[in-house]
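Student: Before I use any of the labels on this model, I would like to see what stands behind them.
Tutor: Then ask about them one at a time.

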Amino acid sequence: MSDKNLTHLDKSGHARMVNVGDKPPSNRAAIAAGEIRMSPAAFSALTTGRAAKGDVLAVSRIAAIAAAKRTAEWIPLCHLLLLDEVVVDFETDEAELLVRCRVSVRLCAKTGPEMEALVGAQAGLLTIYDMLKAVNKSMVIGNVRLLEKSGGKSGHYKRKDRG
């Protein structure tokens, strides 16, 4: 990768926020996902609704949406984006004792929502951890990745391995 591809660096190598002022707005979307592995007791508390702090996935869904909307506060060089839609889905896997979180973000803007989808997925997973940590402090969050993005100058990207 050449330095020309590192858009968050100026000619002297210093961090900068990219100027998107001259770019035309376009429809853009991004999907990110991740997972959290846990003990059988934590998984049972989550899936049976017996977690002491309440409905784990409902609270985690709201956390993911809220975090996606505030990504520019988390990531210093991100632009503040007005999101049109954030959809959060969870999938429980009893055989693997894990929960998968998938966040889809859509908007019409001058820059894409990849970071918003990734931050949303992380926040959803962190909230699951927070709500179940009394049962299992050794949960592991991982495999957070961009699955797909569309729109903008770089066009469509779809992860090949989905894993």
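Tutor: Leaving aside neighbours within four places in sequence, M38 is in contact (heavy atoms within 4.5 Å) with F43, L97, V99, I128, L132, N136 and M139. The model is predicted, so local features need pLDDT of at least 70 and side-chain atom pairs count only at pLDDT 80 or more, while totals for chains, interfaces and linings use all residues. Residues are numbered from 1 along each chain as its sequence is written, and side-chain values use heavy atoms, with hydrogens and water left out.

Student: Which residues have the most contacts inside the largest nonpolar core?

Tutor: They are M38, V99, V103, I128 and L132, in a core of 33 residues. A nonpolar core is a set of buried Ala, Val, Leu, Ile, Met, Phe, Trp, Tyr and Cys residues joined through side-chain atoms within 4.5 Å; buried means under 20% relative accessible area, exposed over 50%, with a 1.4 Å probe and protein chains only. Helix α4 gives the most to this core, with 7 residues.

Student: How do you know that the span of helix α2 agrees with its number of residues?

Tutor: The expected span is 1.5 Å times one less than the number of residues. For the 14 residues of α2 (residues 56–69) that gives 20 Å, and the end C-alpha atoms are 20 Å apart, so the two agree.

Student: What puts the buried residues of α2 on the same side?

Tutor: V56, L57, S60, A64, A67 and A68 are buried. They cover an arc of only 100° around the axis, and therefore lie on the same side of α2. The face turned away from that buried side carries the exposed residues I62 and K69.

Note on methods
Helices (H or I, at least four residues) and strands (E, at least two) are DSSP runs, numbered from the N terminus. The arc is that of the directions from the helix axis to the C-beta atoms.
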